[in-house]
Amino acid sequence: MFDIQTLALLAPAVQRMAQGQAGLPALDTAAQPEVGQAQIAAVLRRAAERMQDNFPYAHPLYAGQMMKPPHPVARLAYALASFVNPNNHALDGGRASSAMEREAVAEIAAMFGWDAHLGHLTSGGTMANLEALWVAGLSQPGRRILASEQAHYTHARITEVLKIPFASVAHDARARMDLGALQVALDAGEVGTVVATLGTTAAGAVDPLPQILRLRERYGFRVHVDSAYGGYYRLARNLGPEASAAYEAIGAADSIVVDPHKHGLQPYGCGCVLFKDPTVGRFYRHDSPYTYFSSKELHLGEISLECSRAGAAAVALWATQQCLPLQRGGAFAQGLEACREAALELQRRIEADARFLSGPQPELDIVVWAPRGASASEVSARTQAVFEAAAREDLHLAVASFPRAMFPHWPLQWDAERVTCLRSCLMKPEHREWVDEIWTRLGRATDAVLAA
Ligand SMILES: *Cc1c(COP(=O)(O)O)cnc(C)c1O
């Protein structure tokens, strides 16, 4: 279940790193803490036992929330760096890891077609979006920020924190921002920024970025792309035509967020924000009385809202991209393509099966569907029951609530405005080979519920 063979690679790498400080007087690390090996072993064992109480996120039968195991090289590089424990706030605290962060971030920027850029890693997508909207608010003072109703709820909260007026825009039956509704909001005026989500968290929908960019020419707003979950799909060659066009256009945005800890094989604590115009660095300007002493070079803390940041996260990301470059047709990109194939295959089976109501065609790797029922409330109740029955089959799905507008073709008695659906994020390349097994277990769980 867990890869432990590669753990053996860690000790020689730590030794190699230590050679960089070979000139210093020896330090007896074993004598340092008052906690002996036996105690550490006992506590680790207890922690391991406590950690058994989790869903099996790394296994393909976990097909629920947005969870993807980090690559072994990411885990090892993170552990390696943790011996130094660099702080990427300032070069004083993290020289090597700051350089690695800049390289890794430049590779992500290049994936979006950007050479010149300003960007850095963050603790996650929330902080990355906060910075992007902070800059958006400073660039367009007093003006509103718009995002789709299917955008991540963080945008409504972030704008509350930043005290920027916010409005949400209705979405169409495919969970994409509705262009007619956007136009109405733009005509109402005072719009400074439009957030386009490339890969919504609930349904994996891709907002129509090319059309949004065309409206930008007329209305002159900023465009922020939130692709915390879906950004890496820029590399996939098997998207539908509209999603492809959106990803082709992504470089025309003013800012982009992508989470290496979502699809980028990183442990949690790794988001990324990118700005197309490097001069937005002026908004970050501050004089820290504590930090920037060691050089006149740029310290990442001068272009980041967060101060202390894990240099280890940068080392892990750098190492992962060394092994798996962000290239079309490369091994990493093929992994994403496999995820999408898995989603399409599951969708095909759902559509062909009378036990289910199918949601919109997956644009990336998230599938939304429900067991059939006479009314919205019956579908919601059965969804919950199938979710629980599937878990008893060791198949872990997720549930999500969607508005009626997403399912115009469902022959239901709409006794509620929303309906709870099954939702499956097929974010592991192994999912492609596991669709059969997932389908078998889903079938058994559904039969049990429909028979009851
Ligand atoms: C996950 C996600 C976020 C929030 O990112 P965190 O890393 O969880 O803080 C924001 N937007 C989208 C589209 C996401 O999928």
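The exercises below treat the ligand, the salt bridges, the backbone angles and some single residues.

This is a predicted model, in which local features need pLDDT of at least 70 and side-chain atom pairs count only at pLDDT 80 or more, while totals for chains, interfaces and linings use all residues. Residues are numbered from 1 along each chain as its sequence is written, and side-chain values use heavy atoms, with hydrogens and water left out.

**Exercise 1. The shell around the ligand**

Task: State which residues come nearest to the ligand, and describe the shell by class.

Solution: 

Step 1. A residue is near a molecule or strand if one of its heavy atoms lies within 4 Å of it. There are 14 residues around the ligand, and Gly125, Thr126, Asp226, Asp259 and Lys262 come nearest.

Step 2. For the classes, Ala, Val, Leu, Ile, Met, Phe, Trp, Tyr, Cys and Pro count as nonpolar, Asp, Glu, Lys and Arg as charged, and the others, Gly among them, as polar. The shell has nine polar, three charged and two nonpolar residues.

Step 3. Helices (H or I, at least four residues) and strands (E, at least two) are DSSP runs, numbered from the N terminus. Helix α5 (residues 125-139) gives the largest share of the shell, three residues.

**Exercise 2. Polar atoms at the ligand**

Task: Give the distances from oxygen atoms of the ligand to N or O atoms of Gly125, Thr126 and Thr201.

Solution: 

Step 1. A polar contact is a pair of N or O atoms within 3.5 Å; within protein, one must be able to donate a hydrogen and the other to accept it, and residues adjacent in sequence count only if both atoms are side-chain atoms.

Step 2. For Gly125, a backbone N or O atom lies 2.7 Å from a ligand oxygen.

Step 3. For Thr126, an N or O atom of the side chain is 2.5 Å from an oxygen atom of the ligand. For Thr201, the corresponding side-chain distance is 2.8 Å.

Step 4. The ligand taken alone exposes 380 Å², and the protein buries 87% of that. Such areas come from the Shrake-Rupley method with a 1.4 Å probe; for residues, only the protein chains shown count as cover.

**Exercise 3. Salt bridges**

Task: Determine how many salt bridges the structure holds, and follow those formed by Glu248 with Arg234 and with Arg328.

Solution: 

Step 1. A salt bridge is a side-chain nitrogen of Lys or Arg within 4 Å of a carboxyl oxygen of Asp or Glu. The structure holds 23 of them.

Step 2. Arg234 and Glu248 meet through their side chains at 3.9 Å, N to O. This pair links distant parts of the chain, 14 residues apart: Arg234 is in the loop between β5 (222-226) and α9, and Glu248 is in helix α9.

Step 3. Glu248 also forms a salt bridge with Arg328, with the closest N and O atoms 3.5 Å apart. Here the partners are 80 residues apart, and Arg328 lies in the loop between α10 (311-323) and α11 (331-351).

Step 4. Buried means under 20% relative accessible area, exposed over 50%, and partly exposed in between (1.4 Å probe, protein chains only). Arg234 is buried at 14%, whereas Arg328 is partly exposed at 40%.

Step 5. A network of salt bridges links Asp172, Arg174, Arg176, Glu242 and Glu363.

**Exercise 4. Positive phi angles**

Task: Locate Asn85 and Asp394, and give the phi value of Asn85 and of Asp394.

Solution: 

Step 1. Most residues other than glycine have a negative phi.

Step 2. Asn85 has a positive phi near 55°. Its place is the loop between α3 (72-84) and α4 (95-111), and Asn85 is exposed, at 59% relative accessible area.

Step 3. Asp394 has a positive phi of about 65°. Asp394 belongs to the loop between α12 (376-392) and β10 (398-403), and is partly exposed at 46% relative accessibility.
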